[in-house]
Amino acid sequence: MGHFKEITLDSRERAELIKLDEHVAKAIADSGVKDGVCHVFVPHTTAGVTINEGADPGLVRDILARLAQLVPQNARYAHVEDNADSHIKAALVGSSVAVLVRDGAPLLGAWQSVFFCEFDGPRRRRVLLRVAEA
Amino acid sequence: MGHFKEITLDSRERAELIKLDEHVAKAIADSGVKDGVCHVFVPHTTAGVTINEGADPGLVRDILARLAQLVPQNARYAHVEDNADSHIKAALVGSSVAVLVRDGAPLLGAWQSVFFCEFDGPRRRRVLLRVAEA
Amino acid sequence: MGHFKEITLDSRERAELIKLDEHVAKAIADSGVKDGVCHVFVPHTTAGVTINEGADPGLVRDILARLAQLVPQNARYAHVEDNADSHIKAALVGSSVAVLVRDGAPLLGAWQSVFFCEFDGPRRRRVLLRVAEA
């Protein structure tokens, strides 16, 4: 049986990375699952989730700046809203990650953090977590 | 025990996004799984799968146009065929997504659709779906 | 119950794709799992994992060259180290893939290989594999 959890976040910028490490660790601890997988899923189309280095805030700015360079907000888009870039960034980054669970904790590398990726904030957002043994 | 299903699609354009929502919902319903995960996997190297907004066809065109701008078909490539761009787009988008299952249905956001991403059509393509409780 | 395995790789270039097919097949065979999912997870922030064509070494060079064009090493970055590009490439490619397991073997397409993506080598690297029935 899997253990399901939903959390709510409030982003504060149009584009922003928000660490989910404590939420992921708590969902795993609360589930009681010792070995398994935790799926972190973002049910939005202008946001995503990724795993990257959590130590240097400069790197977070670099990731967002490069994405903005690859997918500018003000290019010519057909989309009826002004956030086509946000959708395209979400497609590049992805809407879920799978975190392995070992000994009741997330099995991440020493430098890895799980980041919610806001591409069209500020907004209230949801993140879905599912922890299961298999 | 997981439930496995294979579907066949016929794409009609070189680059095209094709909605898989009904296939995903049916695979989950047919499996009888109430809570779990549905993996949607594309066994091709010039196609992928992504989750994004399904309401505006203009946005679909924007996603494809931006990918074509980032990875042009006619740049200089070493690949022996003329579809290096298709492979690289597939690497950016990814070849699988994980959809959470809740109450016997896909747990997607209000605006989310699952899209097969054709990058080297038109062709007959396969999509593999696996639904499991854990 | 899932079956967990860790392997070690030595990359030889700064940017390089290394095939993991044999490791994935062996992890699945050793697990005894007949039907399920194998998660391949990279616990590093300047490397990733992807699935793409394994037949043409020219295509591998194309993928790496295009990523280097999209995310140049020598742009202006805020990151304190000289590998911001490596981190950003990892964010684009992703840090895990899910491979379906069928009849005790990886269910990959005829042309698909699983590749470890080195973006800041040469280094000793780890790859985590988890095979489970669900």
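Predicted model: local features only at pLDDT ≥ 70, side-chain atom pairs only at ≥ 80, totals over all residues.
Which residue of β8(B) is the bridge partner of B:His39?

I'll begin with strand β8 of chain B, residues 124-132. Seven of its nine residues are buried, so the strand is largely enclosed by the rest of the structure. Buried here means that 20 or more other C-beta atoms lie within 10 Å of the residue's own.

Now the neighbours of β8(B). Strand β1 of chain B, residues 3-10, is joined to β8(B) by eight bridges, and the two run antiparallel. One pair to look for is B:Thr8 with B:Arg126 in β8(B). Strand β3 of chain B, residues 36-41, also runs antiparallel to β8(B), with five bridges between them. That brings me back to the opening question: the partner of B:His39 is B:Arg130.

Next, a helix in chain C. Helix α3(C) covers residues 84-93, and ten of its ten residues are buried. Among them are C:Asp85, C:His87 and C:Lys89, along with C:Ile88 and C:Leu92. Just after α3(C) comes C:Gly94, which has a positive phi of about 100 degrees.

Last, how the chains relate. In general, two copies of a chain are related by a rotation about an axis and a shift along it. Here, chain A is superposed on chain C by a rotation of 120 degrees, with 0.0 Å of shift along the axis and an RMSD of 0.0 Å. That is the relation of a three-fold axis. In chain A, the C-alpha nearest this axis belongs to A:Ala134, at 3.0 Å from it.

Terms used:
Residues numbered from 1 in each chain as written. Chains lettered and ligands numbered in written order. Buried ≥ 20, exposed ≤ 12 C-beta atoms within 10 Å, placed from the backbone. Helix = DSSP H or I, 4+ residues; strand = E, 2+ residues; numbered from the N terminus. Least-squares fit on C-alpha atoms with pLDDT ≥ 70 in both. Pairing = 2+ DSSP bridges.
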